[in-house]
Amino acid sequence: MHVILRAAMQGMASDPAGEALWAALLAGDPAARRAAPLYGALLDAAEAAPGAFVLGRISQSLDGRIATASGHSFWISGEADVLHTHRLRALFDAVVVGAGTIRADNPLLTTRNCRGASPVRVVIDTERRLAAHYRVFAGGPATLLLCAADATGDAPGQAELLRLPRGAAGLDIAAMIAALHGRGLRRIYVEGGGITVSRFLADRCLDRLHVTIAPLLLGSGIPAFSLPGVACPQDGLRLDWTVHRLGEDILFDIPLERRK
Ligand SMILES: NC(=O)c1ccc[n+]([C@@H]2O[C@H](COP(=O)([O-])OP(=O)(O)OC[C@H]3O[C@@H](n4cnc5c(N)ncnc54)[C@H](OP(=O)(O)O)[C@@H]3O)[C@@H](O)[C@H]2O)c1
């Protein structure tokens, strides 16, 4: 059984046999978790978390860019990484993105490239500036628009508006996580962009981080991480990671300590 599942996992990106292992994972098969260590470790950690479980995610070029300077990010990483993104949507209750990603990509944020349910879509728009014409507001799975308690403006399209307190930069992220958890959204997946993931990271509000690095140099562009600088390397945030191959890309699976 294990050998079959491992073989299926290795061929997941292009081999339909990969779908058998994915279906087994969705069904909660423990053998599938052992055969697919990337997802097995994630699901084990999510289940062990006492409350909400928050994953941050970035796909970047070798020189640390998530998009070109003009905002184009399709495609930095390869097919296997895009499939991984859809699998994460299927495994989580909520997918969170910043207003910059909605403006640049006009994404649907649904699960389409693999079997599994679509998560609730959560858009952070502190000042309530996004127009209503974006696809995420036009029906489909539920969408929550998060803005500051004192921001003016209505809910765009079909979205529901949720007002939250401000934090040091933007919204108070701990309050955001508590509000989502209070609505039954326990597994929270922060899909981007760089500013949003960086704010969660700087606030120590992530339990885990998935960073994919593609063998691509962009020269300049939108940075993956924007964090307060440090004087010496030993003052930086040193991480532990497990490395996985995703087609031509490399994924770093990084456990973190979330501030509770
Ligand atoms: N390669 C990847 O993994 C990936 C993934 C997603 C997106 N992208 C690309 O990344 C680019 C967008 O990324 P970005 O870093 O510029 O922007 P972003 O993170 O998508 O959005 C940043 C904006 O979201 C709002 N925001 C985020 N976190 C907030 C918080 N805690 N509190 C309040 N507001 C918050 C703010 O909007 P306001 O300034 O309006 O208040 C902020 O300026 C696009 O080009 C997109 O194509 C790449």
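Begin by colouring the protein chain of this predicted model by its domain assignment, which gives domain 1 as residues 1-35 and domain 2 as 51-225 + 236-255. The C-alpha centres of domain 1 and domain 2 are separated by 26 Å. Select the contact between them: domain 1 contributes five residues and domain 2 contributes nine residues. On the side of domain 1 that touches domain 2, four residues are nonpolar, none is polar and one is charged.

Next, display the whole chain as a cartoon. Along the principal axes, the C-alpha atoms occupy a box of roughly 55 × 45 × 35 Å. The radius of gyration is 18 Å, which agrees with the value near 18 Å for a compact globule of 260 residues. Of these 260 residues, 41% count as buried. Among contacts between residues at least 6 apart in sequence, 67% link residues at least 24 apart.

Now select the sheet. Nine strands form an open sheet with mixed pairing, in the order S6-S5-S4-S3-S7-S1-S8-S11-S10. At its edges are strand S6 (160-164) and strand S10 (242-246), each of which pairs on one side only. From one strand to the next, the twist averages 25 degrees.

Within helix H4, pick Leu42. Is Leu42 buried or exposed? Leu42 has 24 other C-beta atoms within 10 Å and is therefore buried. Apart from neighbours within four places in sequence, Leu42 is in contact with Leu91 and Arg208. For a distance across the model, select Leu42 together with Ser226: 184 residues apart in sequence, these two have C-alpha atoms 25 Å apart.

Return to the sheet and select strand S3 (residues 94-98) with strand S7 (residues 187-192). The two run parallel and are joined by four bridges; Ala94 stands opposite Ile188 in S7. S3 also runs parallel to S4, with five bridges between them. Here Gly98 has Ile124 in S4 as its bridge partner.

Five of its five residues are buried, so S4 is largely enclosed by the rest of the structure. In a regular strand, side chains alternate between the two faces of the sheet. Show the side chains of S4: Val120, Val122 and Ile124 point one way, whereas Arg121 and Val123 point the other way, and all are buried.

The last stops concern the backbone. Most residues other than glycine have a negative phi, and most peptide bonds are trans. Select Phe74 and Trp75, where the peptide bond is cis with omega near -10 degrees; Trp75 lies in the loop between strand S2 (65-67) and helix H5 (79-91). Move to Gly192 and Gly193, whose peptide bond is also cis, with omega near -10 degrees. Gly193 is in the loop between S7 and helix H8 (194-202).

Two positive phi values complete the tour. Asn106, in the loop between helix H6 (99-105) and S4, has phi near 45 degrees. Asn106 counts as exposed because it has 11 C-beta neighbours inside 10 Å. Arg204, in the loop between H8 and S8, has phi near 55 degrees. With 14 C-beta neighbours inside 10 Å, Arg204 counts as partly exposed.

Key:
Residues are numbered from 1 along each chain as its sequence is written. This is a predicted model: local features need pLDDT of at least 70, side-chain atom pairs count only at pLDDT 80 or more; totals for chains, interfaces and linings use all residues. Domain bounds come from an automatic or database domain assignment. Two residues are in contact if their C-beta atoms, placed from the backbone, lie within 7 Å. Ala, Val, Leu, Ile, Met, Phe, Trp, Tyr, Cys and Pro count as nonpolar, Asp, Glu, Lys and Arg as charged, and the others, Gly among them, as polar. The radius of gyration is taken over C-alpha atoms; the globule rule is 2.2 Å times the number of residues to the power 0.38. A residue is buried if 20 or more other C-beta atoms lie within 10 Å of its own, exposed if 12 or fewer, and partly exposed in between; C-beta atoms are placed from the backbone. Two strands pair if DSSP finds at least two bridges between them. Axes are lines fitted to C-alpha atoms, for helices over the stretch in contact, and angles run from 0 to 180 degrees between N-to-C directions.
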